[in-house]
Amino acid sequence: MRHYKFSGLRLAERWIAPAYVGVDEQGLIQYLSSDSPDATGAKPDIEVVDGYALPGFRNAHSHAFQYAMAGKAERHAPGASDDFWTWREAMYGCALAMRPDAMEAIATMLYAEMLRNGYTHVVEFHYLHHDERGRHYAHLAEMGERLVAAAAATGIKITLVPVWYQLGDFGTPPFPRQRRFICESRDHYFKLLDATRNFVKHNANARLGFGVHSLRAVEAAEVIATFNEGPKDLPFHLHVSEQLKEVETSLMFQHARPVEWLLEHLPVDSRFHLVHCTHLTDMEVNKLARSGAHVVLCPGTEGNLGDGIFRLSDFARAGGKWSIGTDSQISLNPLEDLRWLDYVQRLITHRRNTFDDGAQNLIHTVWHSGNRALANVVQSDYFNIGQPLDAVVYDASAPLISAGHANQRLSSILYTSDSSAVLGTIVNGKWVVENGKALNTDKIRYDYEKAMRSMVW
(Lines give C-alpha, C1' and ligand atoms only; values in the text may rest on other atoms or scores of the structure.)
Protein backbone atom coordinates (compact mmCIF):
# COMPACT_ATOMS: atom_id res chain seq x y z
CA MET A 1 0.00 0.00 0.00
CA ARG A 2 0.91 3.63 -0.45
CA HIS A 3 0.57 5.82 2.67
CA TYR A 4 0.13 9.55 3.18
CA LYS A 5 0.26 11.63 6.33
CA PHE A 6 -1.73 14.83 5.88
CA SER A 7 -1.79 17.68 8.40
CA GLY A 8 -5.52 17.10 8.39
CA LEU A 9 -8.30 15.51 6.37
CA ARG A 10 -11.88 16.73 6.29
CA LEU A 11 -14.75 14.32 6.82
CA ALA A 12 -18.34 15.46 6.45
CA GLU A 13 -18.68 16.45 10.11
CA ARG A 14 -15.14 16.78 11.45
CA TRP A 15 -11.42 16.96 10.80
CA ILE A 16 -8.98 14.12 11.35
CA ALA A 17 -5.66 15.69 12.31
CA PRO A 18 -3.15 14.37 11.65
CA ALA A 19 -4.61 12.02 9.05
CA TYR A 20 -2.95 8.82 7.88
CA VAL A 21 -4.37 7.37 4.68
CA GLY A 22 -3.30 4.11 3.05
CA VAL A 23 -4.40 3.22 -0.48
CA ASP A 24 -4.03 0.03 -2.48
CA GLU A 25 -2.83 -0.27 -6.09
CA GLN A 26 -6.26 0.78 -7.40
CA GLY A 27 -6.17 3.91 -5.23
CA LEU A 28 -8.88 2.63 -2.87
CA ILE A 29 -8.61 3.66 0.77
CA GLN A 30 -7.63 0.76 3.03
CA TYR A 31 -6.46 2.71 6.07
CA LEU A 32 -7.84 5.97 7.50
CA SER A 33 -6.93 7.11 11.01
CA SER A 34 -5.32 9.79 13.12
CA ASP A 35 -3.02 7.02 14.39
CA SER A 36 0.04 6.04 12.43
CA PRO A 37 -0.06 2.60 10.81
CA ASP A 38 3.23 2.07 12.64
CA ALA A 39 1.10 1.31 15.68
CA THR A 40 -0.13 -1.88 14.01
CA GLY A 41 3.43 -3.20 13.85
CA ALA A 42 3.81 -2.44 10.16
CA LYS A 43 6.66 -0.25 8.91
CA PRO A 44 5.27 1.43 5.81
CA ASP A 45 6.88 4.25 3.91
CA ILE A 46 4.74 7.31 4.57
CA GLU A 47 4.69 10.43 2.40
CA VAL A 48 4.34 13.43 4.68
CA VAL A 49 2.18 16.20 3.18
CA ASP A 50 2.02 19.57 4.92
CA GLY A 51 -1.49 20.19 3.73
CA TYR A 52 -5.18 19.78 4.47
CA ALA A 53 -7.10 17.34 2.30
CA LEU A 54 -10.64 18.11 1.19
CA PRO A 55 -12.75 15.90 -1.07
CA GLY A 56 -12.05 16.65 -4.71
CA PHE A 57 -14.68 18.99 -6.14
CA ARG A 58 -17.29 17.68 -8.57
CA ASN A 59 -17.79 19.86 -11.63
CA ALA A 60 -21.42 19.13 -12.51
CA HIS A 61 -21.67 21.07 -15.78
CA SER A 62 -19.03 21.68 -18.45
CA HIS A 63 -18.96 22.55 -22.16
CA ALA A 64 -15.31 21.82 -22.92
CA PHE A 65 -15.26 23.32 -26.42
CA GLN A 66 -16.18 26.74 -25.00
CA TYR A 67 -12.78 26.93 -23.28
CA ALA A 68 -11.51 28.00 -26.72
CA MET A 69 -13.50 31.23 -26.45
CA ALA A 70 -13.21 31.98 -22.72
CA GLY A 71 -12.26 35.66 -22.37
CA LYS A 72 -12.50 36.24 -26.12
CA ALA A 73 -16.05 37.62 -26.24
CA GLU A 74 -15.58 40.50 -23.80
CA ARG A 75 -14.91 43.46 -26.10
CA HIS A 76 -17.97 45.57 -26.83
CA ALA A 77 -18.20 48.40 -29.33
CA PRO A 78 -19.43 51.68 -27.80
CA GLY A 79 -23.20 51.73 -27.78
CA ALA A 80 -23.53 48.09 -28.81
CA SER A 81 -26.04 45.80 -27.13
CA ASP A 82 -24.65 42.47 -25.98
CA ASP A 83 -26.41 39.75 -24.00
CA PHE A 84 -26.71 35.97 -23.85
CA TRP A 85 -28.25 35.80 -27.32
CA THR A 86 -25.46 37.77 -29.03
CA TRP A 87 -22.83 35.82 -27.06
CA ARG A 88 -24.47 32.66 -28.38
CA GLU A 89 -23.70 33.72 -31.95
CA ALA A 90 -19.99 33.93 -31.05
CA MET A 91 -20.27 30.49 -29.44
CA TYR A 92 -21.72 29.07 -32.67
CA GLY A 93 -18.70 30.37 -34.56
CA CYS A 94 -16.36 28.70 -32.10
CA ALA A 95 -18.26 25.41 -32.39
CA LEU A 96 -18.16 25.45 -36.19
CA ALA A 97 -14.37 25.86 -36.14
CA MET A 98 -13.67 22.95 -33.75
CA ARG A 99 -12.30 19.79 -35.37
CA PRO A 100 -11.81 16.52 -33.43
CA ASP A 101 -8.07 16.93 -32.86
CA ALA A 102 -8.61 20.49 -31.62
CA MET A 103 -11.46 19.37 -29.37
CA GLU A 104 -9.22 16.80 -27.72
CA ALA A 105 -6.27 19.16 -27.27
CA ILE A 106 -8.38 22.01 -25.90
CA ALA A 107 -10.34 19.73 -23.58
CA THR A 108 -7.07 18.22 -22.30
CA MET A 109 -5.74 21.66 -21.41
CA LEU A 110 -9.05 22.54 -19.76
CA TYR A 111 -9.19 19.35 -17.70
CA ALA A 112 -5.60 19.86 -16.53
CA GLU A 113 -6.60 23.33 -15.33
CA MET A 114 -9.68 21.94 -13.58
CA LEU A 115 -7.46 19.50 -11.72
CA ARG A 116 -5.07 22.29 -10.80
CA ASN A 117 -7.99 24.13 -9.21
CA GLY A 118 -9.19 21.10 -7.25
CA TYR A 119 -11.82 19.42 -9.43
CA THR A 120 -11.38 15.64 -9.62
CA HIS A 121 -14.50 14.75 -11.64
CA VAL A 122 -16.22 16.62 -14.49
CA VAL A 123 -19.70 16.16 -15.94
CA GLU A 124 -19.37 16.99 -19.63
CA PHE A 125 -22.69 18.19 -21.06
CA HIS A 126 -21.91 17.34 -24.66
CA TYR A 127 -23.74 18.46 -27.80
CA LEU A 128 -21.00 19.18 -30.35
CA HIS A 129 -21.70 15.86 -32.07
CA HIS A 130 -21.18 16.18 -35.85
CA ASP A 131 -18.72 17.57 -38.39
CA GLU A 132 -18.55 21.13 -39.71
CA ARG A 133 -21.28 20.46 -42.28
CA GLY A 134 -23.54 18.75 -39.79
CA ARG A 135 -22.83 15.26 -41.14
CA HIS A 136 -22.44 12.26 -38.84
CA TYR A 137 -18.89 11.07 -38.25
CA ALA A 138 -18.16 7.51 -39.35
CA HIS A 139 -17.82 6.82 -35.64
CA LEU A 140 -21.06 8.41 -34.45
CA ALA A 141 -19.66 9.41 -31.06
CA GLU A 142 -16.27 10.61 -32.35
CA MET A 143 -16.34 13.93 -30.51
CA GLY A 144 -17.47 12.36 -27.26
CA GLU A 145 -14.67 9.83 -27.41
CA ARG A 146 -12.20 12.70 -27.83
CA LEU A 147 -13.47 14.16 -24.54
CA VAL A 148 -12.98 10.86 -22.72
CA ALA A 149 -9.48 10.62 -24.20
CA ALA A 150 -8.73 14.15 -22.95
CA ALA A 151 -9.86 13.21 -19.45
CA ALA A 152 -7.73 10.05 -19.49
CA ALA A 153 -4.66 12.05 -20.54
CA THR A 154 -4.92 14.26 -17.45
CA GLY A 155 -6.28 11.85 -14.85
CA ILE A 156 -9.57 13.62 -14.20
CA LYS A 157 -12.67 11.44 -13.96
CA ILE A 158 -15.47 12.18 -16.40
CA THR A 159 -19.19 11.61 -16.74
CA LEU A 160 -20.03 12.12 -20.39
CA VAL A 161 -23.59 13.32 -20.96
CA PRO A 162 -24.42 13.34 -24.67
CA VAL A 163 -27.58 15.42 -24.99
CA TRP A 164 -30.25 15.72 -27.63
CA TYR A 165 -30.44 19.02 -29.51
CA GLN A 166 -33.32 19.14 -32.03
CA LEU A 167 -34.70 22.69 -32.48
CA GLY A 168 -33.59 26.30 -32.74
CA ASP A 169 -36.16 27.47 -30.21
CA PHE A 170 -39.66 26.54 -29.06
CA GLY A 171 -41.35 25.29 -32.24
CA THR A 172 -38.57 26.65 -34.47
CA PRO A 173 -36.46 24.52 -36.84
CA PRO A 174 -32.73 24.43 -36.07
CA PHE A 175 -30.65 27.34 -37.28
CA PRO A 176 -27.90 26.62 -39.84
CA ARG A 177 -25.20 27.59 -37.32
CA GLN A 178 -26.46 24.87 -34.95
CA ARG A 179 -25.92 22.11 -37.52
CA ARG A 180 -23.16 20.36 -35.58
CA PHE A 181 -25.46 19.89 -32.57
CA ILE A 182 -28.56 18.41 -34.18
CA CYS A 183 -29.87 14.87 -33.80
CA GLU A 184 -32.79 14.66 -36.20
CA SER A 185 -34.79 12.10 -34.25
CA ARG A 186 -35.07 10.39 -30.88
CA ASP A 187 -33.92 7.17 -32.55
CA HIS A 188 -30.75 8.87 -33.74
CA TYR A 189 -30.14 10.32 -30.28
CA PHE A 190 -30.44 6.88 -28.66
CA LYS A 191 -28.01 5.45 -31.25
CA LEU A 192 -25.57 8.19 -30.27
CA LEU A 193 -26.10 7.35 -26.60
CA ASP A 194 -25.47 3.64 -27.28
CA ALA A 195 -22.31 4.45 -29.26
CA THR A 196 -21.12 6.54 -26.32
CA ARG A 197 -21.88 3.76 -23.85
CA ASN A 198 -19.78 1.33 -25.92
CA PHE A 199 -16.53 3.20 -25.30
CA VAL A 200 -17.31 4.64 -21.87
CA LYS A 201 -17.73 1.15 -20.42
CA HIS A 202 -14.09 0.32 -21.27
CA ASN A 203 -12.71 3.27 -19.26
CA ALA A 204 -12.68 2.78 -15.49
CA ASN A 205 -12.67 6.56 -14.89
CA ALA A 206 -15.55 7.35 -17.26
CA ARG A 207 -19.29 7.21 -16.63
CA LEU A 208 -22.42 8.00 -18.60
CA GLY A 209 -25.42 10.30 -18.23
CA PHE A 210 -28.12 11.42 -20.65
CA GLY A 211 -30.50 14.29 -21.27
CA VAL A 212 -31.87 16.94 -23.59
CA HIS A 213 -30.26 20.31 -24.17
CA SER A 214 -33.30 22.29 -22.99
CA LEU A 215 -37.06 22.58 -23.37
CA ARG A 216 -36.57 25.14 -26.12
CA ALA A 217 -34.27 22.80 -28.06
CA VAL A 218 -36.40 19.62 -28.01
CA GLU A 219 -40.13 19.23 -28.67
CA ALA A 220 -42.18 18.80 -25.50
CA ALA A 221 -43.50 15.33 -26.38
CA GLU A 222 -39.97 14.21 -27.25
CA VAL A 223 -38.60 15.43 -23.92
CA ILE A 224 -41.14 13.23 -22.15
CA ALA A 225 -40.45 10.24 -24.41
CA THR A 226 -36.66 10.62 -24.10
CA PHE A 227 -36.85 10.47 -20.32
CA ASN A 228 -39.41 7.65 -20.23
CA GLU A 229 -37.60 5.49 -22.79
CA GLY A 230 -34.08 6.33 -21.64
CA PRO A 231 -31.89 4.50 -19.12
CA LYS A 232 -33.44 4.14 -15.68
CA ASP A 233 -30.20 4.20 -13.72
CA LEU A 234 -28.49 7.31 -15.11
CA PRO A 235 -28.71 10.98 -14.10
CA PHE A 236 -30.83 13.15 -16.43
CA HIS A 237 -29.47 16.62 -17.26
CA LEU A 238 -30.94 19.68 -19.03
CA HIS A 239 -30.71 23.47 -19.13
CA VAL A 240 -33.81 25.29 -17.92
CA SER A 241 -35.03 28.84 -17.17
CA GLU A 242 -31.67 30.48 -17.78
CA GLN A 243 -32.99 33.57 -19.59
CA LEU A 244 -36.06 35.77 -19.22
CA LYS A 245 -36.71 35.52 -22.96
CA GLU A 246 -36.71 31.74 -22.61
CA VAL A 247 -39.35 31.93 -19.87
CA GLU A 248 -41.49 34.38 -21.88
CA THR A 249 -41.37 32.22 -25.01
CA SER A 250 -42.21 29.11 -23.02
CA LEU A 251 -45.29 30.85 -21.62
CA MET A 252 -46.43 31.82 -25.11
CA PHE A 253 -45.66 28.46 -26.74
CA GLN A 254 -46.58 25.89 -24.09
CA HIS A 255 -48.60 28.04 -21.65
CA ALA A 256 -46.29 27.31 -18.74
CA ARG A 257 -42.95 28.47 -17.41
CA PRO A 258 -40.13 25.95 -18.10
CA VAL A 259 -39.73 24.60 -14.55
CA GLU A 260 -43.48 24.67 -14.07
CA TRP A 261 -43.89 22.59 -17.24
CA LEU A 262 -41.27 20.07 -16.09
CA LEU A 263 -42.89 19.62 -12.71
CA GLU A 264 -46.28 19.04 -14.34
CA HIS A 265 -45.18 16.65 -17.11
CA LEU A 266 -42.26 14.60 -15.76
CA PRO A 267 -41.67 12.65 -12.51
CA VAL A 268 -39.02 15.10 -11.35
CA ASP A 269 -36.89 13.55 -8.60
CA SER A 270 -33.29 13.14 -7.49
CA ARG A 271 -32.20 11.83 -10.91
CA PHE A 272 -32.86 15.28 -12.41
CA HIS A 273 -30.09 17.89 -12.68
CA LEU A 274 -31.53 21.21 -13.85
CA VAL A 275 -28.89 23.66 -14.96
CA HIS A 276 -29.26 27.37 -14.05
CA CYS A 277 -32.95 27.69 -13.00
CA THR A 278 -32.24 31.41 -12.79
CA HIS A 279 -35.80 32.70 -13.00
CA LEU A 280 -38.24 30.92 -10.67
CA THR A 281 -41.52 31.80 -8.99
CA ASP A 282 -42.27 31.01 -5.35
CA MET A 283 -44.23 27.95 -6.46
CA GLU A 284 -41.38 26.69 -8.61
CA VAL A 285 -38.81 27.22 -5.86
CA ASN A 286 -40.82 25.26 -3.31
CA LYS A 287 -42.04 22.44 -5.56
CA LEU A 288 -38.60 21.97 -7.07
CA ALA A 289 -37.00 21.79 -3.62
CA ARG A 290 -39.59 19.24 -2.47
CA SER A 291 -39.09 17.11 -5.59
CA GLY A 292 -35.53 16.17 -4.58
CA ALA A 293 -34.14 17.38 -7.92
CA HIS A 294 -30.74 19.05 -7.99
CA VAL A 295 -30.10 22.50 -9.42
CA VAL A 296 -26.70 22.96 -11.10
CA LEU A 297 -25.42 26.50 -10.61
CA CYS A 298 -22.61 28.01 -12.68
CA PRO A 299 -21.90 31.38 -10.99
CA GLY A 300 -18.99 32.41 -13.22
CA THR A 301 -20.92 31.83 -16.43
CA GLU A 302 -24.25 33.12 -15.12
CA GLY A 303 -22.56 36.35 -14.05
CA ASN A 304 -20.57 36.66 -17.26
CA LEU A 305 -23.67 36.20 -19.44
CA GLY A 306 -25.87 38.46 -17.33
CA ASP A 307 -28.34 35.63 -16.75
CA GLY A 308 -29.62 36.82 -13.40
CA ILE A 309 -29.49 35.58 -9.81
CA PHE A 310 -30.76 32.22 -8.63
CA ARG A 311 -32.91 32.36 -5.49
CA LEU A 312 -30.45 30.33 -3.45
CA SER A 313 -31.51 31.55 0.00
CA ASP A 314 -35.14 30.69 -0.66
CA PHE A 315 -34.26 27.37 -2.29
CA ALA A 316 -32.00 26.39 0.61
CA ARG A 317 -34.66 27.26 3.20
CA ALA A 318 -37.10 25.04 1.28
CA GLY A 319 -34.64 22.13 1.53
CA GLY A 320 -33.32 22.35 -2.02
CA LYS A 321 -30.09 20.74 -3.22
CA TRP A 322 -27.53 22.17 -5.64
CA SER A 323 -24.16 21.54 -7.23
CA ILE A 324 -21.77 23.78 -9.20
CA GLY A 325 -20.32 23.71 -12.70
CA THR A 326 -17.93 25.70 -14.85
CA ASP A 327 -20.18 25.76 -17.95
CA SER A 328 -18.49 28.20 -20.39
CA GLN A 329 -15.14 27.89 -18.52
CA ILE A 330 -14.86 31.61 -17.76
CA SER A 331 -14.18 30.62 -14.13
CA LEU A 332 -12.45 27.39 -13.07
CA ASN A 333 -11.92 27.96 -9.34
CA PRO A 334 -14.58 26.18 -7.22
CA LEU A 335 -13.78 28.32 -4.19
CA GLU A 336 -14.43 31.50 -6.15
CA ASP A 337 -17.75 30.18 -7.43
CA LEU A 338 -18.84 29.05 -3.97
CA ARG A 339 -17.99 32.44 -2.53
CA TRP A 340 -20.02 34.19 -5.19
CA LEU A 341 -23.02 31.97 -4.53
CA ASP A 342 -22.91 33.22 -0.96
CA TYR A 343 -21.91 36.84 -1.63
CA VAL A 344 -24.64 37.52 -4.17
CA GLN A 345 -27.22 36.41 -1.60
CA ARG A 346 -25.59 38.71 0.97
CA LEU A 347 -25.84 41.61 -1.48
CA ILE A 348 -29.54 40.93 -2.00
CA THR A 349 -30.50 40.33 1.65
CA HIS A 350 -27.99 42.72 3.29
CA ARG A 351 -27.21 39.88 5.72
CA ARG A 352 -24.01 37.87 6.15
CA ASN A 353 -25.50 34.59 7.37
CA THR A 354 -26.91 33.13 4.17
CA PHE A 355 -26.29 29.76 5.84
CA ASP A 356 -25.70 28.82 9.47
CA ASP A 357 -22.21 27.63 8.55
CA GLY A 358 -21.39 28.84 5.06
CA ALA A 359 -18.29 26.77 4.37
CA GLN A 360 -19.67 23.53 5.78
CA ASN A 361 -23.05 23.95 4.08
CA LEU A 362 -21.69 24.94 0.69
CA ILE A 363 -19.01 22.26 0.48
CA HIS A 364 -21.26 19.47 1.74
CA THR A 365 -24.17 20.38 -0.53
CA VAL A 366 -22.14 20.65 -3.73
CA TRP A 367 -20.28 17.43 -2.89
CA HIS A 368 -23.50 15.50 -2.28
CA SER A 369 -25.38 16.85 -5.31
CA GLY A 370 -22.24 16.63 -7.43
CA ASN A 371 -22.04 12.90 -6.70
CA ARG A 372 -25.61 12.47 -7.87
CA ALA A 373 -24.86 14.49 -11.02
CA LEU A 374 -21.85 12.44 -12.03
CA ALA A 375 -23.41 8.99 -11.65
CA ASN A 376 -26.38 9.05 -9.28
CA VAL A 377 -23.96 8.09 -6.48
CA VAL A 378 -24.89 8.20 -2.79
CA GLN A 379 -21.88 8.12 -0.47
CA SER A 380 -22.02 8.42 3.32
CA ASP A 381 -18.84 10.43 3.85
CA TYR A 382 -16.19 12.31 1.90
CA PHE A 383 -13.60 9.58 2.48
CA ASN A 384 -14.45 5.94 3.26
CA ILE A 385 -12.64 2.62 3.43
CA GLY A 386 -13.01 0.99 0.03
CA GLN A 387 -13.59 4.32 -1.79
CA PRO A 388 -11.01 5.97 -4.06
CA LEU A 389 -8.84 8.68 -2.56
CA ASP A 390 -9.83 11.73 -4.64
CA ALA A 391 -8.73 14.90 -2.86
CA VAL A 392 -7.58 18.47 -3.25
CA VAL A 393 -4.85 19.42 -0.78
CA TYR A 394 -4.45 22.98 0.50
CA ASP A 395 -1.16 24.33 1.83
CA ALA A 396 -1.17 24.12 5.63
CA SER A 397 1.51 26.83 5.80
CA ALA A 398 -0.58 29.45 3.97
CA PRO A 399 -0.85 32.34 6.48
CA LEU A 400 -4.63 32.54 6.82
CA ILE A 401 -4.95 28.76 6.97
CA SER A 402 -2.12 28.09 9.41
CA ALA A 403 -3.08 30.84 11.85
CA GLY A 404 -6.67 29.79 12.52
CA HIS A 405 -8.20 27.33 14.98
CA ALA A 406 -9.42 23.97 13.71
CA ASN A 407 -13.05 25.09 13.83
CA GLN A 408 -12.16 27.99 11.50
CA ARG A 409 -10.04 25.97 9.07
CA LEU A 410 -12.73 25.10 6.54
CA SER A 411 -14.06 28.64 6.35
CA SER A 412 -10.50 30.00 6.07
CA ILE A 413 -9.88 27.75 3.09
CA LEU A 414 -13.16 28.53 1.34
CA TYR A 415 -13.37 32.28 1.97
CA THR A 416 -9.70 33.30 1.68
CA SER A 417 -7.93 30.86 -0.65
CA ASP A 418 -7.31 30.74 -4.37
CA SER A 419 -5.57 28.22 -6.63
CA SER A 420 -2.14 29.32 -5.36
CA ALA A 421 -2.99 27.63 -2.05
CA VAL A 422 -3.47 24.25 -3.73
CA LEU A 423 -0.49 22.00 -3.00
CA GLY A 424 -1.83 19.38 -5.37
CA THR A 425 -4.69 17.14 -6.44
CA ILE A 426 -4.95 13.39 -5.93
CA VAL A 427 -7.10 11.05 -8.04
CA ASN A 428 -7.30 7.33 -7.29
CA GLY A 429 -4.61 7.70 -4.65
CA LYS A 430 -1.99 9.32 -6.93
CA TRP A 431 -0.89 12.90 -7.46
CA VAL A 432 -2.18 14.22 -10.79
CA VAL A 433 -1.22 17.78 -9.86
CA GLU A 434 1.82 18.35 -7.67
CA ASN A 435 3.34 21.70 -6.72
CA GLY A 436 0.87 23.45 -9.00
CA LYS A 437 1.80 21.44 -12.09
CA ALA A 438 -0.34 18.83 -13.82
CA LEU A 439 0.93 15.67 -15.49
CA ASN A 440 2.46 16.14 -18.95
CA THR A 441 1.99 19.91 -18.72
CA ASP A 442 4.48 20.81 -21.44
CA LYS A 443 2.97 18.51 -24.07
CA ILE A 444 -0.57 19.46 -23.09
CA ARG A 445 0.21 23.15 -23.48
CA TYR A 446 2.02 22.63 -26.80
CA ASP A 447 -0.91 20.70 -28.27
CA TYR A 448 -3.39 23.24 -26.92
CA GLU A 449 -1.59 26.23 -28.41
CA LYS A 450 -1.28 24.43 -31.75
CA ALA A 451 -5.01 23.68 -31.71
CA MET A 452 -5.90 27.26 -30.87
CA ARG A 453 -3.78 28.55 -33.76
CA SER A 454 -5.60 26.17 -36.12
CA MET A 455 -9.03 27.59 -35.31
CA VAL A 456 -10.39 30.42 -37.43
CA TRP A 457 -13.75 31.85 -36.40
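Colleague: Phe-84 and Trp-85, buried or exposed?

Modeller: Phe-84 and Trp-85 are both buried (under 20% relative accessible area; exposed is over 50%, partly exposed in between, with a 1.4 Å probe and protein chains only). This is a predicted model, with local features needing pLDDT of at least 70, side-chain atom pairs counting only at pLDDT 80 or more, and totals for chains, interfaces and linings using all residues. Residues are numbered from 1 along each chain as its sequence is written, and side-chain values use heavy atoms, leaving out hydrogens and water.

Colleague: How are the rings of Phe-84 and Trp-85 arranged?

Modeller: Their centres are 4.8 Å apart and their planes at 90°, so the pair is edge-to-face. Rings of Phe, Tyr and Trp (its six-membered ring) pair if their centres lie within 6.5 Å; planes under 30 degrees apart are stacked, over 60 edge-to-face, the rest tilted.

Colleague: And Phe-170 with Phe-253, what sort of pair?

Modeller: Tilted, because the planes are at 35°, with the centres 6.1 Å apart. Phe-170 is in the loop between β8 and α4, and Phe-253 is in helix α6 (residues 244-254), 83 residues apart. Helices (H or I, at least four residues) and strands (E, at least two) are DSSP runs, numbered from the N terminus.

Colleague: Where do those two stand on burial?

Modeller: Phe-170 is buried at 6% relative accessible area, while Phe-253 is partly exposed at 48%.

Colleague: Back to Trp-85. What lies over its face?

Modeller: Lys-245, 4.7 Å from the ring centre. The criterion is NZ of Lys or CZ of Arg within 6 Å of the ring centre and within 35 degrees of the ring normal. Arg-409 likewise has its charged end over the ring of Trp-15, at 4.9 Å from the centre.
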